[in-house]
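Dear colleague,

I am passing on the structure below, and after it I describe the points that I found in it. Please have it open while you read.

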Amino acid sequence: MNDLLQLKGTFEQAPYKGGGGGTNLPKGKSVNVLRLQNLLKNLSELQVFWQNQSLLSGALITAHYIKVAAKTNRLQALLGNNSNSPNSSVVGAKFSNDDSPKHIITHYISRNILNESIKQLRYSIDILNQKFNGEIDCNTIDKINKKEVLFTPKTIGKTKFFKIIVDAYYVDKFDVSTDDVIFENDAIITIYKTDLRTTQLLEKIGINILSNRIMDETTILLRPDELETLKVKAPFLISMAVSDLSEITKDDFEFIDDGMIKINSPEHEPTIGVIDTLFDATVYFSEWVEYTNMLSNEIPTSASDYEHGTAVSSIIVDGPTFNPDLDDGCGNFKVRHFGVASGISFNSFTILRNISEIVSQNRDIKVWNLSLGSKLDIHSNFISPEAAILDKIQFENDVIFVIAGTNLSSGETETRPIGAPADSINSIVVNSVDMNNQPSSYSRKGPVLSFFIKPDISYYGGDSGNPMRVCTPTGEAFVKGTSFAAPWISRKLSYLIDILGLNRDIAKALLINSATGWDKQQNDPSLIGHGVVPKRVENIVHCADDEIQFIIQGISEEYDTYNYKIPVPVVKEKHPFTAKATLCYFPACSRNQGVDYTNTELDIKFGRLNGKEHKSINNNYQTEEFGHYTWEEDARKIFRKWDNVKHIREVLTGKNRELKAYDNPLWGLSLKTKERLNEKFGEGLKFGVVITLKEINGVNRIDEFIKNAQLRGWLVNKIDVDTRIDIFNVAEEEIEFE
């Protein structure tokens, strides 16, 4: 097998050059004055509505679009002014419930901006009637932009007028969004961000809460009577709502008595963090576990509250001993276990606070296992509070969470969506498969927010025919569930990060890349993710003799981050290779933006160079200057736009032909950084890419690749596992000074 290679070199950075012509409608489209008149009527009614409201000084306005709208197709003039773009006032976004989803975006604007938008619409209606007979099309606008037709309106600028016309094309209507939520228990409520603090808003409508029920500037914990008050007095404030009490998704336990296993004392092994139910310190491996009970002393506990957490930690510490057919070659791991829930349910709000505190006080731990999950389905239009806090923690800290994909209950036959916090975008979410790599009968499914691939990957979690063995407080048990697939991935991830010294971007990309093959994926990604991770860790950090696998990491500083000096071997003026690449990064996320959750997009292109043309292996043409236009919905579906995991590949059919080597025989890697919000969250964003080249004739060309890469200025390191383990062990030794 060939070693994994690490390429270190310089990425060039280039700012966005802009481009395109003036503001215009899509080709062949027009706007009738009736469209503007309807929008004027909407805004005029909203003007009256907000004049009769004394709670807010501004106005919450919701725009309903005709499609999934790219940033360039969203409001450019209406609901904005010369100093504030409409995009800066967005406080929420969701999709309609249609068969073909459409964007519904909420803005918070001043009443002056609302009044100005009404005035600008009236001016535009007058111009449209007087100058264009009540209708204007893209050809007319194009001629005016090219100065083939003279047009100088007096009441409004030409550019502003065209922007309003384009706004009217993409927006179907304006209204006020309300959410009539009902909960029998306490609820976690997120309100729209306005110019008033949350506590001030609540006090004005008669709700007084203590600071311990405030998660952040817009997320609060309300009792049923308080929620009812909010719904009666200000329903328009409610952006999102979820129950605070989550019943834990159940895993099946069948207890057995099979004698006592022994384990040596821990030495220099890495530590994995576990956040779960309680841990029983009487088990044989307890010396390997540092345990903290985070539950209040007022909460009664029973023996069953210790089963799940103890079983999860048993796999992380010593899973291969009692599951030899799943021996991954990773060894043993220490655990720092935090008990945050009973075996029946958990309070989301309490866990949110606990997780933030736990991670902040244990910064030496890089990998965290979270096998708790809610029975409740995730919401299609927003991320759960639990997932959002995990995404925030991972953006701000150099850590990564591995999360179980949650299970169907016993007796359920219809597959339904995964439960929180398996909707965490930055985390690795793990579903379960049987020993034939087929989705387990208890698997729940993604995607998240109608788009993000979740689960990320799958692994073996036990099934009726071949259950998983674990250690519980009462002895060995046979189990099945995604809770017991996740710890195996945590082991592999800690091995890659803590022992081999790889960063989390590369480690995540390696796991996902190893789960993908060269064939077209047969299983449903909503159930299995990108694929099933190999059992043995050497199959993650090595590749076949006819493959070249290398990792590249970098930082995005500008719009375009690129290197066009990747020397894919050439044989008789051709490249005898197929290729695949996996990109991972950890973006900042904004839960209050609803379906527009990730703030930064990295668009990947990898492939041959032909002069100025960069041919990506997946025919990615999103950023081409001429000849191509990509609808937002297609960009998300085909090129995974806004997804923080991108896997692109050529399918190996057995009939693949060698690729022509151009005058410049090098290949290039380019990442285009796009921002959703005005703040530049992508500046300084780290990324990791794993690239695999497969020689279609079965020839091993790794030595040629290494030589050519070094000639092109790359520093090439082989990831020698034995050497890295020796370095880790030496680094962990305690030195005693005489």
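R213 forms a salt bridge with E226, and their closest N and O atoms are 2.8 Å apart, where a salt bridge is a side-chain nitrogen of Lys or Arg within 4 Å of a carboxyl oxygen of Asp or Glu. The pair links distant parts of the chain, with R213 in the loop between α5 (198-204) and β11 (219-222) and E226 in helix α6 (residues 224-233), 13 residues apart. Helices (H or I, at least four residues) and strands (E, at least two) are DSSP runs, numbered from the N terminus. R213 is buried at 10% relative accessibility, and E226 is buried with a relative accessible area of 10%; buried means under 20% relative accessible area, exposed over 50%, and partly exposed in between (1.4 Å probe, protein chains only).

Please keep in mind that this is a predicted model, in which local features need pLDDT of at least 70 and side-chain atom pairs count only at pLDDT 80 or more, while totals for chains, interfaces and linings use all residues. Residues are numbered from 1 along each chain as its sequence is written, and side-chain values use heavy atoms, with hydrogens and water left out.

By the rule given above, the count comes to 29 salt bridges. One of them joins K646 and E601, with the closest N and O atoms 2.9 Å apart; this pair, too, links distant parts of the chain, since K646 lies in strand β32 and E601 in strand β30 (residues 600-610), 45 residues apart. Both K646 and E601 are buried. In another salt bridge the side chains of R536 and E538 meet at 3.0 Å, N to O, and here R536 is partly exposed at 29%, as is E538 at 29%. There is also a network of salt bridges that links D377, E412, R416 and R444.

The backbone deserves a look as well, given that most residues other than glycine have a negative phi, and most peptide bonds are trans. A cis peptide bond joins A420 and P421, with omega about 0 degrees, and P421 sits in the loop between β20 (400-404) and β21 (428-433). A cis peptide bond also joins K454 and P455, with omega about 5 degrees, and P455 is found in the loop between β21 and β22 (457-460).

S450, which is in the loop between β21 and β22, has a positive phi near 65 degrees and is partly exposed, with a relative accessible area of 49%. W642 has a positive phi near 80 degrees and lies in the loop between α14 (632-639) and β32 (645-649), but W642 is buried, with a relative accessible area of 4%.

With kind regards
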